[in-house]
Amino acid sequence: MIRDGREVEVGIEEVVVGDVLLVRPGGEKVPVDGTVVGGESSVDESMITGEPIPADRREGDGGVVGGTLNVNGGVLRVRAEKIGKDMVLSQIIRLVRDAQGSRPPVERIADVAVSYFIPVILAIAIAAFLVWYVGLGSSLLFALTVLISVLVVACPPCALGLATPPTAVTVGIGRGGAELGLLIRNGEALEVSEKLTAIVFDKTGGTLTRGGKPDVTDVVAFGGVPEDRLLSVAAAVEKNSQHPLAAAVVRRAESAGGVGIPASERFNTFGGLGGSALSWRGGRRS
C-alpha cells in the first residue's frame, strides 16, 4: 500500500478506509472493496458475478470487490472504501452462515412430531413400570428395567428425527457453496429445489458457460487461409496469455488432431483488444 508517499507492506487488519493499496497482476487478490484510482488491468470477478471473462478495470470505471483477482495487465491502485464485515465477501459469508442456521419446513414438522412423541413415550414407559411393579407384582429392579428399555428403544428414532433435518441443511448448503458455486439463501429454498422442473437464468449482458470456462465452438477462416493454419497461429499467440479466451483457443488447438502450436516471441497484450506475438513456422515469421 501507499502510506506517506512510500510503498509499504502491512497486514490486512491495519488497512483503514481511505488507504491506497497496490494490487499487482498475476493472480494477486484485491484485499478490500474499493475504487480504482490508478492503473489498468483485467480483474477476475467470477467469484462474485459468475462471469468467466475478466473485467477491465481502470480509473473511472468504478470499484473492485475484495477477494477478486488481478489476473492480467498492470498494477492497480485501489482506494479502500469498505473493509472487514462491510465487504461484499463478508456479507456472502454471513448469508451462508444464516442459511445453515435456518429451519426448513420439514424441520418444523419434525419438531411438532417430537413434541407429541416424547410425552407419549414417557407415558408408555411409566405405564409399563406400573403394570409390572404394581399390577403383576414384579420386583422393582425388573420394573425399572422395563421402563428403561422402553425409553432406550424409543430414543434412536427420536434422535434421528431431531438430527436429520439440520444435518441435511448444513451439508446441502455447504456442498452447494464450496463445490458447486451455489449460494442458497435458506433451508426452505433448498427443500423446494427438489420440486423444480425448469430454471430461468437472468444473464442480461452476461454469458452462460459450461463449468465456468468458455470454449471455441467454430473456426471461420477468410482469404483462403486453412482453418488449421489459422488455429495454429492463433494458439501460438494466445498460449502466452492468462486470459480465459486465450486458454480456450489453446485447448481447441490441442484437441484438434494435426494442429501444432509453434513457438512464439515478443508477446504483448493490449487492454480490451487482445494480444500480438511473432511465431516461427517453416523457417518464416508470421
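Me: At what angle do helix α6 (residues 227–238) and helix α7 (residues 244–255) pack?
Reply: This is a predicted model, in which local features need pLDDT of at least 70 and side-chain atom pairs count only at pLDDT 80 or more, while totals for chains, interfaces and linings use all residues. Residues are numbered from 1 along each chain as its sequence is written, and side-chain values use heavy atoms, with hydrogens and water left out. Helices are DSSP runs of H or I with at least four residues, and strands are runs of E with at least two, numbered from the N terminus. With axes (lines fitted to C-alpha atoms over the stretch in contact, angles running from 0 to 180 degrees between N-to-C directions) 9 Å apart, α6 and α7 pack at about 135°.

Me: Which residues of α7 make the contact with α6?
Reply: Contact means heavy atoms within 4.5 Å. On the α6 side the contact is made by L231, A234, A235 and E238, and on the α7 side by A246, V249, V250, R252 and A253.

Me: Which residue in β7 is the bridge partner of S42?
Reply: S42 lies in strand β6, which spans residues 40–44 and pairs with β7 in the antiparallel sense over four bridges, where pairing requires that DSSP finds at least two bridges between two strands. The bridge partner of S42 in β7 is D56.
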